[in-house]
Amino acid sequence: MAGSFEGRTVVVLGSATGIGRASALWFAGRRAKVYAGDIELISETASAFREAGIGFFKCDARSGDQVRDMIQLAVQATGRLDVLVYSAGIEVVGQIPDVSEEDWDRCLDTNFKGAYLAAKFAIPQMARSGGGTIVHIASNAGILTRSADPVYSISKGAMIALTKSLALC
């Protein structure tokens, strides 16, 4: 199969919907062993994942323990980690004076801290496998900030800076 990922292990965080869901299904369709995590699983996604042979695990990307445990589970099952897709994300709409500290923390922790945690725990496992690929799903809002949702733009801009820094390591 052209473009096959057979024998490769992929972890997708933020996999219940959207780009994360599509990424998990795409890799599974190319014969990768896929481990998908999200804070909750939608029944439609659960059915599609079962059919595709994707393992789903409850994982709050803001929790270092849960992210570490999910990555370790994938590595223990397959002996390797080749690809990490970080697609967890939320949007907070509102001007800075109107955004609560809780919403600020929730957005930055999900969109930025989670990407850091995933990379932190994935990189050593990838190194043991001879290397790997980290894909962070950001947004053009991280480059071209928007007035309606500055907290979201800040979080995605930080993710982009993290990704560029990781590329230099």
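I count two rings of Phe, Tyr or Trp (its six-membered ring) as a pair if their centres lie within 6.5 Å. By this rule I get 5 aromatic pairs in this predicted model.

Aromatic pairs. I looked up Phe5 with Phe27 and found an edge-to-face pair, 5.0 Å centre to centre with 85 degrees between the planes. This pair links distant parts of the chain: Phe5 sits in the segment before E1 and Phe27 in helix H1 (residues 18–29), 22 residues apart. Then I checked Trp26 with Phe27, which is also edge-to-face, at 5.0 Å between centres and 90 degrees between planes. I noted Phe5, Trp26 and Phe27 down as one aromatic cluster.

Buried or exposed? I went through the cluster by relative accessible area. Phe27 counts as buried because its value is 10%, with the cut-off at under 20%. Phe5 is partly exposed at 23%, and Trp26 is partly exposed at 41%.

Cores. Next I turned to the largest nonpolar core, which has 22 residues; Val11, Leu13, Val67, Ile71, Leu81, Leu84 and Tyr86 touch the most other members. Strand E1 (9–13), helix H3 (64–78), E4, H4 and helix H5 (150–168) each give two or more residues to this core. H4 gives the most, with 6 residues. I also noted a second, separate core of 13 residues, with Ala28, Ala32, Ala36 and Phe49 among them.

Surface. Last, I found a nonpolar patch made of Ile96, Trp104 and Ile154, with about 260 Å² of accessible area together. Ile96 lies in the loop between strand E4 (83–86) and helix H4 (101–128), and it is partly exposed at 44% relative accessible area.

Methods. Residues numbered from 1 in each chain as written. Predicted model: local features only at pLDDT ≥ 70, side-chain atom pairs only at ≥ 80, totals over all residues. Heavy atoms only, no water. Patch = residues over 30% accessible without salt bridge, like charges linked within 9 Å, V, L, I, M, F, W, Y side chains within 5 Å. Areas by Shrake-Rupley, 256 points an atom, 1.4 Å probe, with all protein chains shown as cover. Salt bridge = Lys/Arg side-chain N within 4 Å of Asp/Glu carboxyl O. Helix = DSSP H or I, 4+ residues; strand = E, 2+ residues; numbered from the N terminus. Buried < 20%, exposed > 50% of the residue type's maximum accessible area, 1.4 Å probe, protein only. Core = buried A, V, L, I, M, F, W, Y, C linked by side-chain atoms within 4.5 Å. Phe/Tyr/Trp six-rings, centres within 6.5 Å; stacked < 30°, edge-to-face > 60°.
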